[in-house]
Each structure stands twice: as C-alpha cells, then as structure tokens.
Amino acid sequence: MTSIDGTDIASKSPRRGRATATPRLGADGSFALDPVPKWTGLEAGALRRAQRLSIRAYAEHLGVSPSVVANWERRGSAARLRTETQQLLDTNVSRAADDVRRRFAAALAEMKTGADAAPGSGTGCAPTVLDGDALLRRDILKMVATYMVARPFSSAADRGPGRGPLQVEEWRETADEYGRSYLQADRHELTAELRADLDLIHEVLAALPDESVEARGLSAAAGRLFALTAMACTDLGCAREARHMWRLARRFTDHAGDKAARQWVRGHECTTGIYQGRPLSTVLELAEKGLAIDGDWPCAGRAELLGGKAECLALQGRTAEAISTLHEAERTFEMLPSRVATDVESIYGWPAHRLCHAKSFVYSTTGQTAKAYAAQDDALSVYPRARLISRAQIELHRAECLIRDGDIGDGIRQAVTALGVLPGGRRRRFVLEVAAKVSEAIPDKERRRPDALDFRDQLAASGKQELSSGVPV
C-alpha cells in the first residue's frame with residue numbers, strides 16, 4: 001500500500017538493523033556493491049549525499065518533487081519507497097562511479113554500526129514520537145550543534161577530490177532556486193529541504209581548504225540557505241531557532257567575503273527582527289553594522305538595511321532620522337540594477353513594493369498620514385495579488401492612519417476587513433504585530449466601545465492559531 005508522496009506505508013513493527021551493501025571487486029576490477037535489500041529514506045538519503053546532489057537535483061533525477069525527497073529523509077527508516085523508485089535507485093548505484101559507491105558503502109556501514117549500538121536496537125522498543133514543532137526544533141538544534149562546533153573546512157592536506165568552480169556554480173543555482181520558490185513555499189516542507197541540503201553542503205565544505213576560492217563560493221551559498229532557514233523559522237514561530245540560523249548565515253557569508261550576501265543577510269535579519277519583537281536597540285545595531293560593510297554601493301541588501309533601519313527609528317520615535325534614512329533608501333532604490341529593482345519573483349530582489357512598504361510603515365508610525373495614504377496606494381498598486389500577507393499589512397497601516405485621524409470606526413472596520421480576508425492559518429506574526437499597532441492606536445477613551453472590544457477578541461483568537469500551519473508569507 002502506498003501513500004501519495006511516493007512511499008509505502010510503513011508497518012508498525014520495529015526495523016531490526018539497517019540495510020548493508022557489501023563492497024567487493026567486480027569482474028572488471030571496479031568497486032562493486034551487493035544490492036540494497038530494502039530502500040528506505042535512510043538509504044535514499046545516503047545515496048544522495050554520496051552523489052553530492054542537492055535535494056532539488058536529486059528529486060529532478062528521480063522524477064519526484066523536492067518535498068518528497070525531503071520527506072523520505074525526514075522520516076528515515078519509516079519511509080518505504082515504491083518498487084519503481086527502488087529499482088531506479090538500484091540502477092543509480094550500479095552505474096555510479098567508484099568514489100560514489102565507496103562513499104555510499106561507508107555511509108551504510110556507519111548507519112548499521114549506529115543502529116547496532118543504539119539503546120533498544122532490535123529489541124522491539126517503540127521509538128520516541130515527536131510532534132511536528134518539536135521535531136523541527138530538534139532538527140534545527142542538531143544543525144546548530146554541527147555548524148557552530150564543528151570546523152566546516154579542511155586543511156589543504158586533507159582536501160579530497162572536488163569539481164571546483166562547477167560545484168560552486170551548482171550550489172549558487174540551488175540557492176537561487178530556493179530564493180525564487182521561497183515566497184510561495186510551505187514553510188515546514190521548505191525547512192526540511194533546506195536542512196537536507198545544508199547537511200550536504202557541510203560535507204562538501206569539509207573537503208575544501210578554508211581559504212580556497214571554492215570554499216568561499218560555497219560559503220556564500222550556504223549563508224543564503226541559512227538565512228532562508230531563519231526566515232522560515234520566524235514564520236513558524238521558532239524565534240530562538242531563527243536567531244541561531246541568523247548567526248550561522250552571518251558567519252558563512254562573512255567567511256565568503258561576499259559583500260552583497262553579507263548585507264542581504266543582515267538586511268533581512270534586521271527587518272524580521274522587528275516583527276520577532278527583538279529589542280529595537282539590537283535591531284538598529286544590526287542595521288548599522290550591515291551598512292558599514294561597504295559604503296554606498298547600491299544592492300538589495302543595502303536597500304533592505306536602510307528600510308529596516310528607517311522602520312526601527314520610526315518605532316523609537318526618532319522621526320527626523322527615520323525620514324532621512326527612508327530618503328536614503330529611495331536614493332539607493334533609484335541606483336539599483338534593473339534586474340534587482342524589477343525582480344518580484346525572488347526573495348533576493350528589491351522591487352518597488354519593498355520601498356513602498358517601508359514608506360507606508362514609516363509614515364504610518366510617525367503619524368504623517370497624508371504621505372502614508374499615498375504610499376499605501378502605491379504599494380497596493382504594485383504588490384502582486386498573490387502576496388496576501390504583505391497586502392494585508394498595508395491595509396492595516398491604513399487602518400492605523402484612519403484611527404490617528406480620528407476615524408475610529410472606519411479604522412477598526414478597515415482592520416477587521418484586512419484580517420478577515422486571510423484564512424486563519426495566514427494570520428501570522430508578521431500580520432498580528434501590525435494589527436496590534438492598530439489596536440494600540442485607539443485612544444484610551446475609545447477602548448471600551450463594542451467594535452474595539454470585538455477587534456481585540458479577534459486578535460486574541462488569531463494569536464492562538466498563529467502556529468497552526470506553515471503557509472508562506
């Protein structure tokens with residue numbers, strides 16, 4: 001019996017040991033392996049890593065979606081692959097180069113050793129079952145332990161065979177693909193895919209001297225993947241885990257020496273930090289350090305840093321500085337390369353709606369409602385229709401402005417409507433933080449009116465649903 005994701009439904013009986021592929025020399029002197037008796041997610045993941053393929057490249061080769069491959073590896077021995085998929089994997093092994101087969105055999109042997117040594121192995125003891133959020137946090141903390149403690153690069157003497165610039169380009173393309181799919185990707189699936197690819201890139205980096213051109217290129221790609229993981233964790237309500245990922249993103253892009261990547265990482269850490277409730281002084285310090293990386297060079301990261309800094313200053317009540325920084329963001333936008341300023345499909349671009357959003361935020365927060373209304377009209381005219389949450393934020397900015405202008409009833413109705421068009425699972429932190437500002441803008445003497453109380457109840461109910469799904473921003 002098979003499930004819709006391409007796996008057989010696992011039996012409830014515990015798995016005793018692991019599949020092994022005994023190495024031997026073939027008739028032609030090549031490194032040969034006995035067939036894998038039964039493929040599960042563990043063996044499929046080991047083969048992917050042995051082949052040095054990203055989740056997406058491996059999925060394309062097998063003719064399945066990346067989320068299916070990520071799900072196999074996440075479920076491990078509980079994932080039973082379809083017969084035709086197992087046959088394809090058998091063929092992959094038989095046609096693989098000797099170095100791939102050796103790595104695969106070593107991985108299987110290591111898995112068997114770990115299974116035999118594990119407490120309760122083969123005794124029929126039931127494994128510990130974790131729910132989705134607990135499993136996510138466990139996996140992220142394992143990543144943190146691996147990358148923060150282990151040295152990800154080798155000495156020159158330890159360097160193994162690699163594919164040089166070609167391999168770097170493949171990982172750059174992988175990071176670009178994640179950037180293009182990020183805006184619409186399910187956050188749970190995305191996090192699983194990113195974790196699997198980051199595990200592999202760690203193995204690749206371990207075979208490279210830390211000062212090599214290849215290591216620096218791969219570090220830039222890894223840094224971007226860590227940043228995307230941090231943003232996905234933020235969407236899923238895992239603030240502490242997100243901060244760990246941001247530290248790793250900074251570490252790897254700093255090692256790469258890629259100024260654009262360094263600023264892009266810090267820019268998005270700054271803007272997401274505002275919605276995470278991080279201290280504004282910390283967020284502002286992040287922005288200042290990011291802007292100090294490379295003067296006035298126009299890039300998406302610098303624009304993001306300036307927008308985030310302006311929003312932070314507005315929240316601190318430093319209106320003049322916020323407006324000055326916002327104008328600097330406008331000048332940077334005007335100098336951006338066309339490919340960056342017109343890129344609405346990827347998280348790596350900084351198109352017009354990003355600037356309009358920052359203007360709407362700053363002018364609404366500082367009480368300059370006439371300018372805020374104009375910025376909101378501009379933002380809604382350029383935001384893609386599919387960006388429901390971002391558009392809802394703009395509508396909530398407008399609600400705040402209406403209340404500041406004394407139109408309390410209209411402002412509350414505007415806010416209720418903005419939240420109402422979103423399914424419950426999409427009322428995420430990025431929306432609720434803005435909605436809370438609307439509620440705070442209601443004057444004290446008006447807080448007991450029925451519509452204000454109803455709006456507060458709606459916010460409370462939405463907050464309870466915040467972690468219920470992994471839908472995209």
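How are α17 and α18 oriented to each other? In this predicted model, where residues are numbered from 1 along each chain as its sequence is written, local features need pLDDT of at least 70, side-chain atom pairs count only at pLDDT 80 or more, and totals for chains, interfaces and linings use all residues. Side-chain values use heavy atoms, with hydrogens and water left out.

Two packed helices are described by the angle between their axes and the distance between the axes. Helices (H or I, at least four residues) are DSSP runs numbered from the N terminus, as are strands (E, at least two). Axes are lines fitted to C-alpha atoms, for helices over the stretch in contact, and angles run from 0 to 180 degrees between N-to-C directions. Helix α17 (residues 369-382) packs on α18 at an angle of about 160°, and their axes are 10 Å apart. The two helices α17 and α18 are therefore roughly antiparallel to each other; angles under 35 degrees count as roughly parallel, over 145 as roughly antiparallel, 65 to 115 as roughly perpendicular and the rest as oblique. The crossing of α17 and α18 is left-handed, a term for a near helix turned anticlockwise from the far one by less than a right angle, with clockwise giving right-handed. In the contact (heavy atoms within 4.5 Å), the residues of α17 include Y373 and L380, while those of α18 include I394 and C401. By class, this contact has seven nonpolar, three polar and five charged residues; Ala, Val, Leu, Ile, Met, Phe, Trp, Tyr, Cys and Pro count as nonpolar, Asp, Glu, Lys and Arg as charged, and the others, Gly among them, as polar.

Helix α18 also packs against α16. Their axes come within 9 Å and cross at roughly 25°, and α16 and α18 are therefore roughly parallel to each other. The crossing of α16 and α18 is left-handed. H357, S360, F361, S364 and T365 of α16 take part in the contact, with residues of α18 that include I394, H397 and C401. The contact of α16 with α18 divides into three nonpolar, seven polar and two charged residues.

A further pair is formed by helix α2 (residues 55-62) and helix α3 (residues 66-75), which pack at an angle of about 110° with their axes 8 Å apart. Helices α2 and α3 are therefore roughly perpendicular to each other. I55, R56, Y58, A59 and L62 of α2 meet P66, V69, A70, W72 and E73 of α3. This contact of α2 with α3 has eight nonpolar, no polar and two charged residues.

Rolling a probe the size of a water molecule over the atoms shows where empty space is left. On a 1 Å grid over the protein atoms alone, a cavity is a set of points where a 1.4 Å probe fits but cannot get out, and a pocket is an open set with protein on both sides within 12 Å along at least five of seven lines; lining residues have an atom within 4 Å of a point. Grid points are joined across faces, edges and corners, and a volume is the space filled by probe spheres set on the points.

The model has one cavity of 30 Å³ or more. The largest cavity has a volume of about 480 Å³. It is lined by 31 residues, and H268, T271, E304, R354 and R387 are the closest to its centre. The elements giving two or more residues to this lining include α16 (352-365) and α18 (388-404).

The second largest pocket holds about 640 Å³ of space.
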